[in-house]
Amino acid sequence: MADQTESPRSYLIFITIMSKRRTWVCLFIAVYAILVSSSWNLLRSVLNWYKLQYTSSNSDYSPSRLPAVYASVVLGAMFGAMSMVASMTVAVPAVMVIWISMVVLLAFFGKSRRVLVVEGRKITREVVGFVFKVLLKEGNVVTAFCAVLAYFLLIRRDFDSY
């Protein structure tokens, strides 16, 4: 009997915690941190490649900006893709709640099962398409921002070494 009274209480605590915006922000940051830590070797290899290119072009006394451009684009693409994956982990549960709510509302309006299936497929297509467009747009913004930031940081580091 003690289990029955504690189950709803723990469920209410879980729902209260998950309904907070900061919980979703923390989940996003946690997933992003896991992605960054798992791709750390790739990040280090890009930076090591850039360092190798910079030191080899520095011996000619005419350092090229192309390795910095290439490295910044690769870094920007990596961080953009990681932000899209991290955003997707937060967006998928939200999309499922929206989809379930819409199907339940259609059922309450007296739609038949066959119509519910057809409308559910339409809603799924629309919601997934909208979420994909938003994720792609935000991923591109993050990619561009990270690429520009990485370029200027790499160039500044180059000028500081002279």
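Relative accessible area sorts residues into buried (under 20%), exposed (over 50%) and partly exposed (in between), using a 1.4 Å probe and protein chains only. The structure described here is a predicted model, in which local features need pLDDT of at least 70 and side-chain atom pairs count only at pLDDT 80 or more, while totals for chains, interfaces and linings use all residues. Residues are numbered from 1 along each chain as its sequence is written, and side-chain values use heavy atoms, with hydrogens and water left out.

The protein chain contains five helices and zero strands, where helices are DSSP runs of H or I with at least four residues and strands are runs of E with at least two, numbered from the N terminus. Of its 162 residues, 23% are buried. The accessible surface, computed by the Shrake-Rupley method with a 1.4 Å probe, amounts to about 11,900 Å², and carbon and sulfur atoms account for 70% of that area. Among contacts (heavy atoms within 4.5 Å) with a separation of 6 or more, 79% join residues 24 or more positions apart.

An unreviewed UniProt entry annotates residues 22-43, 90-109 and 130-154 as "transmembrane region"; such annotations may be inferred rather than shown by experiment. In the model, residues 90-109 are 95% helix, with 30 Å between the end C-alpha atoms, and residues 130-154 are 100% helix, with 36 Å between the end C-alpha atoms.

Helix α4 (residues 66-108) includes I98, a partly exposed residue at 44% relative accessibility. I98 also belongs to a nonpolar surface patch, together with M88, V92, M96, I100, M102, V104, L105, F108 and F109, and the accessible area of this patch is about 990 Å². Patches of this kind consist of nonpolar side chains (Val, Leu, Ile, Met, Phe, Trp, Tyr) joined within 5 Å, from residues with over 30% relative accessible area and no salt bridge.

S72, likewise in helix α4, is buried, with a relative accessible area of 3%. A polar atom of the S72 side chain lies 2.8 Å from the backbone oxygen of V69, and, when residues up to four places away in sequence are not counted, S72 touches A147, A150, Y151 and L154.

The whole structure holds one salt bridge, defined as a side-chain nitrogen of Lys or Arg within 4 Å of a carboxyl oxygen of Asp or Glu. The side chains of K122 and E119 form this pair, at 3.8 Å from N to O. Because K122 and E119 are three residues apart in helix α5 (residues 113-160), about one helical turn separates them. K122 is partly exposed at 39% relative accessibility, and E119 is partly exposed with a relative accessible area of 26%.

Key:
Patches are made of residues with over 30% relative accessible area and no salt bridge: like charges are joined within 9 Å, nonpolar side chains (Val, Leu, Ile, Met, Phe, Trp, Tyr) within 5 Å. A polar contact is a pair of N or O atoms within 3.5 Å; within protein, one must be able to donate a hydrogen and the other to accept it, and residues adjacent in sequence count only if both atoms are side-chain atoms.
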